[in-house]
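Hi,

Here is the structure I promised to pass on.

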Amino acid sequence: MNQLDCLDPVRKALLDDLDAGFAELYGAYRGLAFSTALRLSGRWADAEDLTAEAFLRAYRALAGYDRARIAALQPRPWLMTILMNVWRNCVRSRVRHPPPDLMEEPVDSMDTGEGVEAAAERRETGGELAELLSLLPEDQRAAVVLRHVIDLPVSEVATVLGLPQGTVKSHVSRGLKRLREMTR
């Protein structure tokens, strides 16, 4: 059996052809990346920007990788690490250069297949979650989003955040405790 046969489809596709493989990577992880970015940033437009920037950086990085590095790549934690770095850079930049408030909230498009009541409930719940998450310290927010919203295992959250697993568990625990206190 060939060693390439053991690789996941994304890595195999990246090894076969970078452009086609990148399309495979994008298709496999765009929802996860956007969902993570939305929960971290709390705004639809910001999440779109973060996701696009993360995939752009991922493509540029892959273009410089040799076959051995691509073969050893763990696509999901690798991409989430890039996304987290883009988000952190964005947060730092906003602290230094606050954006002008041209429009408080962007208008989200409505899913026509979804009922009005379901759409309103989803939007309200999502908005409440985003607001509560935005009140958490950055380290706790990232850990809670990755662990409980995106549902990554603790080991992958640790890899993405570059922290020991015990520290990740601590951030998640403290973040969940704060969220519970805020909802009382």
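Below are some notes on a pair of helices and on the nonpolar core.

This is a predicted model, where local features need pLDDT of at least 70, side-chain atom pairs count only at pLDDT 80 or more, and totals for chains, interfaces and linings use all residues. Residues are numbered from 1 along each chain as its sequence is written, and side-chain values use heavy atoms, with hydrogens and water left out.

Start with Gln-140, which sits in helix H7 (residues 138-149); helices are DSSP runs of H or I, at least four residues, numbered from the N terminus. Gln-140 is buried, at 6% relative accessible area (buried means under 20%, with a 1.4 Å probe and protein chains only). Neighbours within four places in sequence aside, Gln-140 is in contact with His-171, Arg-174, Gly-175 and Arg-178 (contact: heavy atoms within 4.5 Å).

The axes of H7 and H9 (residues 165-182) come within 8 Å and cross at roughly 95°, with axes being lines fitted to C-alpha atoms over the stretch in contact and angles running from 0 to 180 degrees between N-to-C directions. The two helices are therefore roughly perpendicular (65 to 115 degrees).

Now the largest nonpolar core, which has 47 residues: a set of buried Ala, Val, Leu, Ile, Met, Phe, Trp, Tyr and Cys residues joined through side-chain atoms within 4.5 Å. Leu-25, Leu-62, Trp-78, Met-80, Met-84 and Leu-146 touch the most other members. H2 (18-41) is one of the elements giving two or more residues, and its 9 are the largest share.

Cheers

Methods. Buried means under 20% relative accessible area, exposed over 50%, partly exposed in between (1.4 Å probe, protein chains only). Angles under 35 degrees count as roughly parallel, over 145 as roughly antiparallel, 65 to 115 as roughly perpendicular and the rest as oblique.
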